[in-house]
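Colleague: I have a model open and some questions about it. Can we go through them one at a time?
Modeller: Go ahead.

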Number of protein chains: 2
Amino acid sequence: MSSQDPYPSRLREKGRSIPRQDPVIHWPGGSDRAHGPLEASLVKQFETDGFLILEDLFSTSEVESFREELLRLSGDQEIRESGEIITEPDSGEVRSVFRIHENSPLFSDLAADPRLAGIAAQILNDELYIHQSRVNYKPGFRGREFYWHSDFETWHSEDGMPRMRALSMSIALTENFEYNGPLMLIPGSHKTFIATEGETPEENFKSSLKKQVVGVPSDDQVRKLAGEGGIVTATGKPGSVIIFDCNVMHGSNGNITPEPRSNVFFVYNAMSNSPVEPFNGQDPRPEYIATRKTIRTLKQTAAQLS
Amino acid sequence: MSSQDPYPSRLREKGRSIPRQDPVIHWPGGSDRAHGPLEASLVKQFETDGFLILEDLFSTSEVESFREELLRLSGDQEIRESGEIITEPDSGEVRSVFRIHENSPLFSDLAADPRLAGIAAQILNDELYIHQSRVNYKPGFRGREFYWHSDFETWHSEDGMPRMRALSMSIALTENFEYNGPLMLIPGSHKTFIATEGETPEENFKSSLKKQVVGVPSDDQVRKLAGEGGIVTATGKPGSVIIFDCNVMHGSNGNITPEPRSNVFFVYNAMSNSPVEPFNGQDPRPEYIATRKTIRTLKQTAAQLS
């Protein structure tokens, strides 16, 4: 399989750069032909930079309802027992709840909301499903960094996502200040696949969600990308949305400030781009981290839960 | 001694807040009477916020000469053997060189430069000497956070600096972006002394320069200060200078970006505020971290070296 893999990674030898083999805007004819809620200049900007920050997409009261739903899910005994929740070892406080598009009618509806799904369809031009969803809560003071990575590199290597036809949306539930460890992105980095050095350890996901060790670019690779594209800090009020291509290089610094960070996170993938066997040759990650058995379109999921 | 200490800290009991007992602007009559290079509105701003960021104080060629001097000092065998240099355990790369106002004519002149010393005198209204000096080089990618702290809390507890009549100046040799772990300050926090909980371990300085564990405020204390004053990120080009009061609460996040950070750092103290016995009751820190035996005015030091 690896001989035909357009995006080989987790290499025994030194990492390298491979030009992106897939379009960013998946309409025949590209950004000029894509139609949907985003105006043409923003589609162009997404194609060029690999991401967009949209302010005021959700109202204060909507954001409040998302926060309340996070609280409700955090206290749900069934979810706590499902393992689809990440808690602090010491305090038991909830840090992430996964698969929220399947276990919460509110978040299922949110994933299918035209303000999000309409834009995803405008870029990906296919029926869509949610590859991964979660809601995160990171307290202040001791927020950890997340090192530079391309999501696609992991989804391809560990989940078997074949091509670059997916994107992420992060809906801010708290304000992203420049100083509380906001997402940082390298504009234009989505046009290069960074094949990384180092084979995947068994059950890598158990530690990689906290600190990624394999699948990360070298210093020289990051320096080159940032030297060409610069670094953008994604600041924004609660209710703002960051939309970013599956292959854009991103990360975040730690956070010693008292300002916590919380967001709802959906990965939209094209149905035609559903996972095959993982390209690293290992067992796939669990279903709650990467959907593969229960792939349903957004409408199917929403209809089932409502 | 501690019964009369206006700023008790390193307490066995819970930390607490104590109103500042000293002026910020040390002229009789305060900021209205202070004269020197800073215009009156900036003196007022320093009094209110506890810090100032001055752009373009040094030219590109001056900054270049500071960088070259850092390189020269890093290679100086005598300094390497003096222990006044901090290197990476693995690579041996230089991270900090201390006491640069005594072992480099260039930096001695810089400490006495009217653009810096004139402002320090305008605020502190006394003959001045350098309590601590250093030049720092922090590479990108793996830059560590430095948690919230007041410098005065350490200088008082560990060095025996009696009162709040000192300030720091940090001259940027690299650009401070919002994303490469720049200094963050809490405006107005210099008006409260945060008495911290926890006694000082022996030879605390050996680890505290890398990661401070005692002498740091509690979450509640930081939350209260930041809630009242907010947080300011000190961005600026090479050649810009951050001037901050000895008691302003500050810290910095880590840095995963490729952009390194380097600065020249001087602590100006009033001669009348020279150290006594450390208020934590332990031995004082070494001379290269806190001057006490070789206190000389700026002019005396500059004259001796040139």
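Colleague: What does the side chain of B:E158 make a polar contact with?
Modeller: This is a predicted model. In it, the side chain of B:E158 makes a polar contact of 2.7 Å with the side chain of B:N204. A polar contact, also of 2.7 Å, joins the side chains of B:E158 and B:R10.

Colleague: Where does B:E158 lie?
Modeller: B:E158 is in helix α7 of chain B, residues 151-159.

Colleague: Buried or exposed?
Modeller: B:E158 is buried, because its relative accessible area is 5% and the cut-off for buried is under 20%.

Colleague: Which residues does B:E158 touch, leaving out those up to four places away in sequence?
Modeller: B:E158 touches B:R10, B:T200, B:N204, B:F205, B:P278, B:N280, B:D283, B:P284 and B:R285.

Colleague: Take B:D283, then. Is that one buried or exposed?
Modeller: B:D283 is exposed, with a relative accessible area of 68%. B:D283 sits in the loop between β13 (261-270) and α10 (298-305) of chain B. Setting aside neighbours within four places in sequence, B:D283 is in contact with B:E158 and B:P278.

Colleague: And how many Å separate the C-alpha atoms of B:D283 and B:T301?
Modeller: The separation is 26 Å, and the two residues are 18 apart along the chain.

Colleague: Switching to chain A. How many residues of strand β7 are buried?
Modeller: Seven of seven in β7 of chain A, residues 166-172, so the strand is mostly covered under the cut-off of under 20% relative accessible area.

Colleague: Which of them point which way?
Modeller: A:A166, A:S168, A:S170 and A:A172 point one way from β7(A), while A:L167, A:M169 and A:I171 point the other way. The residues on both sides are buried.

Colleague: Which strands of chain A do bridges join to β7(A)?
Modeller: Seven bridges join β7(A) to β13 of chain A, residues 261-270, and five join β7(A) to β11 of chain A, residues 241-245. The β13 pairing is antiparallel, and the β11 pairing is antiparallel too. As examples, A:A166 has A:N269 as its bridge partner in β13(A), and A:I171 stands opposite A:V241 in β11(A).

Colleague: What is the order of the open sheet of four strands?
Modeller: The order is β6-β12-β8-β10 in chain A, with antiparallel pairing. β6 (146-149) and β10 (232-233) stand at the edges with a single partner strand each, so one side of each has no neighbour in the sheet.

Colleague: How many bridges join β8 to β10(A)?
Modeller: Two, between β10(A) and β8 of chain A, residues 184-185. A:L185 stands opposite A:V232 in β10(A).

Colleague: Why do the copies meet through the same surface?
Modeller: Because 100% of the interface residues of chain B are also interface residues in chain A.

Colleague: Last topic. How many cavities of 30 Å³ or more does the structure hold?
Modeller: Seven. The largest cavity has about 100 Å³ of space.

Colleague: Which residues lie nearest the centre of the largest cavity?
Modeller: A:E178, A:Y179, A:N253, B:E178 and B:N253, out of 16 lining residues.

Terms used
Residues numbered from 1 in each chain as written. Chains lettered and ligands numbered in written order. Predicted model: local features only at pLDDT ≥ 70, side-chain atom pairs only at ≥ 80, totals over all residues. Heavy atoms only, no water. Buried < 20%, exposed > 50% of the residue type's maximum accessible area, 1.4 Å probe, protein only. Pairing = 2+ DSSP bridges. Polar contact = N/O pair within 3.5 Å; in protein donor to acceptor, adjacent residues only side chain to side chain. Contact = heavy atoms within 4.5 Å. 1 Å grid on protein atoms, 1.4 Å probe; cavity = no way out; pocket = protein on both sides within 12 Å on 5 of 7 lines; lining within 4 Å. Points joined across faces, edges and corners; volume = space filled by probe spheres on them.
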